[in-house]
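I am opening my notebook on a new structure today.

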Protein chains: 2
Amino acid sequence: MLNEKMRALGETRSAIRELFEFGKLLKAERGEENVFDFSIGNPSAPVPDCVNESITKHVSDENVHNYTSAQGDPSARKAVADFHRKRSGLEITADNIYLTYGAASALSAVFLAINAGNCEYITVAPYFPEYRVFVESAGGKLVAVGVKEDFSLDVDAIAAAVTAKTCCVILNSPNNPAGNVYPKNDLQALAAVLKEKSRKYGRPIYIVSDEPYREITYGAEVTDIMTVYDDTIVCYSFSKTLSLAGERIGYVAVSPKAAFSASLYAAVCGAGRALGYVCAPSIFQRVVADCMGKTADITIYLKNRDLIYDIITRCGFECVKPEGAFYLFVKCPTGCPDFFDICKEEGILAVPSESFGVNGYFRLSYCVPTEVIERSAPHFEVVAKKCGLK
Amino acid sequence: MLNEKMRALGETRSAIRELFEFGKLLKAERGEENVFDFSIGNPSAPVPDCVNESITKHVSDENVHNYTSAQGDPSARKAVADFHRKRSGLEITADNIYLTYGAASALSAVFLAINAGNCEYITVAPYFPEYRVFVESAGGKLVAVGVKEDFSLDVDAIAAAVTAKTCCVILNSPNNPAGNVYPKNDLQALAAVLKEKSRKYGRPIYIVSDEPYREITYGAEVTDIMTVYDDTIVCYSFSKTLSLAGERIGYVAVSPKAAFSASLYAAVCGAGRALGYVCAPSIFQRVVADCMGKTADITIYLKNRDLIYDIITRCGFECVKPEGAFYLFVKCPTGCPDFFDICKEEGILAVPSESFGVNGYFRLSYCVPTEVIERSAPHFEVVAKKCGLK
């Protein structure tokens with residue numbers, strides 16, 4: 001007499017959240033220092049000063065805690081629009097911006113807004129597991145397409161997956177979990193394919209660009225997809241770049257050049273309403289107005305990446321060196337069926353790749369204090385030895 | 001090629017939001033002092049000191065802005081559970097509490113969680129308009145039942161509306177828009193009916209109690225529905241009592257005595273996940289832990305109620321004196337088809353009752369600065385005269 005699908009979603013939790021909760025128990029049992037929790041993308045870089053300064057500055061403002069317009073306060077939306085206009089050269093205004101509870105609700109609203117009925121949403125595997133939950137909640141079907149060996153886009157495979165039902169391609173660059181950044185020429189090739197397919201099927205096939213790691217890169221250039229493809233919707237979160245994961249603030253930016261741009265924007269606002277969003281947390285809208293374009297000190301993630309990549313590869317594990325985000329996506333050692341149990345014995349929490357849509361990998365979130373990575377090294381060595389890697 | 005239902009929701013907006021936005025434009029045009037905006041329930045009582053003290057105290061805490069568990073941080077959930085346990089005498093623990101983005105997302109998650117397929121959700125008219133949006137988004141059907149002349153529950157009418165498809169009855173006491181509080185004996189009569197109907201149809205018919213105005217009363221006692229009926233789910237928001245409407249913080253409390261209580265709780269968590277909620281804003285979870293049970297100085301609303309009730313009735317309008325919340329629900333003068341236009345001419349923004357599911361009334365939100373009410377008096381008099389009331 002309940003919604004069994006919702007019950008299952010609540011009882012199973014995501015693999016990431018499951019490990020995150022398990023880690024809390026394990027820490028209580030063994031002591032914080034004996035657990036190496038690489039499960040969740042909870043940013044370790046301190047919140048930049050501008051954030052807490054903004055909160056402290058505005059906390060006593062009259063009306064600061066009041067409802068804003070559903071799409072967000074004009075000053076916050078203007079700050080976001082100015083950033084995108086400057087970045088892309090496109091005529092983006094506050095009326096293209098809808099503030100959300102982080103990227104999760106941005107994606108949920110967009111997926112619901114573009115579902116004209118039984119739509120297919122293409123993404124590439126490995127992918128962020130909640131895409132499946134959000135797409136299915138919107139009444140759609142997630143279609144996962146493989147990538148090349150180095151996790152770069154297989155444009156031919158995407159082209160082959162497009163059907164008359166395809167409403168969008170979901171991209172995530174820098175990528176969670178693979179850590180790669182899509183180069184401009186790959187995006188241009190994809191754009192050319194989608195333009196042709198849109199024409200063929202007589203409907204816009206949108207690119208939904210999920211960009212929470214946009215500023216977290218190690219030299220690679222992140223292309224502004226709006227400049228490459230007109231039918232683009234950007235979903236952004238301040239969770240990672242301002243280390244505000246728990247505060248739930250992000251946005252949707254609808255390209256002014258997208259097909260039916262104004263109607264699409266209205267549909268996003270309507271979807272937010274249908275999903276029970278009222279307005280993004282109001283004091284964090286002030287933070288957005290004050291801090292747009294700033295980031296936490298993300299150099300710490302570069303240090304962490306180099307350190308954990310070094311430890312992992314020295315132990316004999318195989319992985320591609322990430323160019324962005326703060327995840328390492330590593331091949332599971334072959335012939336070691338108990339790999340994840342061995343990791344847990346050593347206090348190492350690594351996320352199995354199955355929920356990312358591929359087999360035989362594990363994900364390490366290295367957005368942790370650097371000394372946790374340092375102290376984990378001998379434990380990774382034990383795991384490697386037990387699995388016959390060394 | 002879009003979701004037309006979402007586009008319509010985005011383009012039409014709620015009547016309340018529509019007026020709220022219109023009011024902003026009118027203020028810009030005529031000057032703030034010439035507009036009497038009674039459209040939206042944006043609390044005017046200052047945020048209590050405990051809130052900003054809590055924010056200021058925690059803003060620099062390590063990890064304060066990080067993800068919490070999806071259902072909310074244990075300390076915040078414990079504070080809410082302690083409050084409910086003390087109030088009801090029931091064995092309510094943190095595991096019965098799910099923190100949300102205010103009441104809107106609490107209701108949305110609950111409605112989705114209890115929809116076993118094509119369910120009917122009974123409520124009484126007049127009702128909060130977004131109930132329809134949230135119920136339909138959950139795939140259900142809203143069934144509105146009339147009330148008695150004084151807005152009290154018509155238990156026989158509710159009983160007659162129950163079918164094999166009924167999954168819940170949505171109550172809202174103190175009521176928006178009518179301002180009345182349901183006395184205990186009416187709730188007991190309803191409980192008896194629902195218990196019998198649940199037995200008859202072999203399924204629990206839940207009471208979903210929407211309680212954002214629980215503490216805002218003028219003498220009337222608000223019954224704890226969990227003590228009257230086992231199959232109860234409470235949806236609460238701190239928006240009104242802590243004057244935090246824009247920050248989006250509230251909760252779901254599932255009665256431990258409800259049928260399938262643990263599964264129901266899991267389904268609520270699962271629904272939250274499906275709707276793109278990740279966790280309630282983390283710093284406001286600290287505020288909940290610090291301020292649970294406290295309220296803003298709500299005596300201001302009593303003063304406002306008496307003042308506006310006096311003005312309105314002196315002008316010849318008919319209405320029931322509210323016992324709680326901060327709305328006056330007034331009969332439109334008969335024989336005055338241009339009533340709302342006349343109001344707007346006088347700078348008075350009143351919400352027509354159609355979206356509340358009844359005809360021939362208007363709602364005034366008196367959670368505004370007292371002097372706005374004072375200054376509105378001559379304008380109400382002009383409206384009354386133009387409509388032939390005096």
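**Entry 1: the cores**

I start with a term: a nonpolar core is a set of buried Ala, Val, Leu, Ile, Met, Phe, Trp, Tyr and Cys residues joined through side-chain atoms within 4.5 Å. Buried means under 20% relative accessible area, exposed means over 50%, and partly exposed is in between (1.4 Å probe, protein chains only).

My ground rules come next. This is a predicted model, where local features need pLDDT of at least 70 and side-chain atom pairs count only at pLDDT 80 or more, while totals for chains, interfaces and linings use all residues. Residues are numbered from 1 along each chain as its sequence is written, chains are lettered from A and ligands numbered from 1 in the order in which they are written, and side-chain values use heavy atoms, with hydrogens and water left out.

Now I look up the largest nonpolar core, and I find 120 residues in it. The residues with the most contacts inside this core are A:I114, A:Y121, B:I114 and B:Y121. Apart from it I note another core, of 58 residues, with A:A79, A:V80, A:A280 and B:L90 among them. A reminder to myself: in soluble globular proteins, nonpolar side chains tend to be buried together.

What does A:Y121 touch? I count contact as heavy atoms within 4.5 Å. Leaving out residues up to four places away in sequence, I list partners including A:F111, A:I114, A:V135, A:L142, A:C167 and A:I170.

**Entry 2: where the chains meet**

How many residues does each chain bring to the contact? I find 76 residues from chain A and 76 residues from chain B. The area buried between chain A and chain B is about 5900 Å², and carbon and sulfur atoms give 55% of that. Buried area here is the accessible area (1.4 Å probe) that two parts lose on being put together, summed over both. In chain A, the residues that lose the most area to chain B are A:M1, A:Y67 and A:R273, together 15% of what that side buries.

Next I check the pairs across this interface. I see 2 salt bridges between chain A and chain B, a salt bridge being a side-chain nitrogen of Lys or Arg within 4 Å of a carboxyl oxygen of Asp or Glu. A:R273 and B:E130 form a salt bridge through their side chains, at 2.9 Å from N to O.

**Entry 3: a buried serine**

I look for A:S243 and find it in the loop between β7 (232-237) and β8 (250-254) of chain A. My strands (E, at least two residues) and helices (H or I, at least four) are DSSP runs, numbered from the N terminus. Is A:S243 buried or exposed? With a relative accessible area of 1%, A:S243 is buried. Its side chain reaches the backbone oxygen of A:A45 at 2.7 Å. Leaving aside neighbours within four places in sequence, I find A:S243 in contact with residues including A:P43, A:F238, A:Y301 and B:H65.

**Entry 4: an asparagine in chain B**

I move to B:N115, in the loop between α5 (102-113) and β3 (120-124) of chain B. B:N115 is buried, because its relative accessible area is 7%. A polar atom of its side chain lies 2.8 Å from the backbone nitrogen of B:G117. The backbone oxygen of B:A138 lies 2.7 Å from a polar atom of the B:N115 side chain. Neighbours within four places aside, the contacts of B:N115 include A:L2, A:N3 and B:Y121.

**Entry 5: salt bridges**

I find 38 salt bridges over all chains. In one of them, A:D82 pairs with A:K78, the closest N and O atoms being 2.9 Å apart. Both lie in helix α4 (residues 74-88) of chain A, 4 residues apart, about one turn of the helix. A:D82 is partly exposed at 25% relative accessible area, and A:K78 is partly exposed at 47%.

A:K331 forms a salt bridge with A:E149, with 3.3 Å between the closest N and O atoms. This pair links distant parts of the chain, 182 residues apart: A:K331 is in strand β9 (residues 327-331) of chain A, and A:E149 is in the loop between β4 (141-145) and α7 (155-161) of chain A. A:K331 is partly exposed at 28%, whereas A:E149 is exposed at 61%.

My last pair is A:R214 and A:E211, whose side chains meet in a salt bridge at 3.0 Å, N to O. Both A:R214 and A:E211 are buried.

How values were computed. A polar contact is a pair of N or O atoms within 3.5 Å; within protein, one must be able to donate a hydrogen and the other to accept it, and residues adjacent in sequence count only if both atoms are side-chain atoms.
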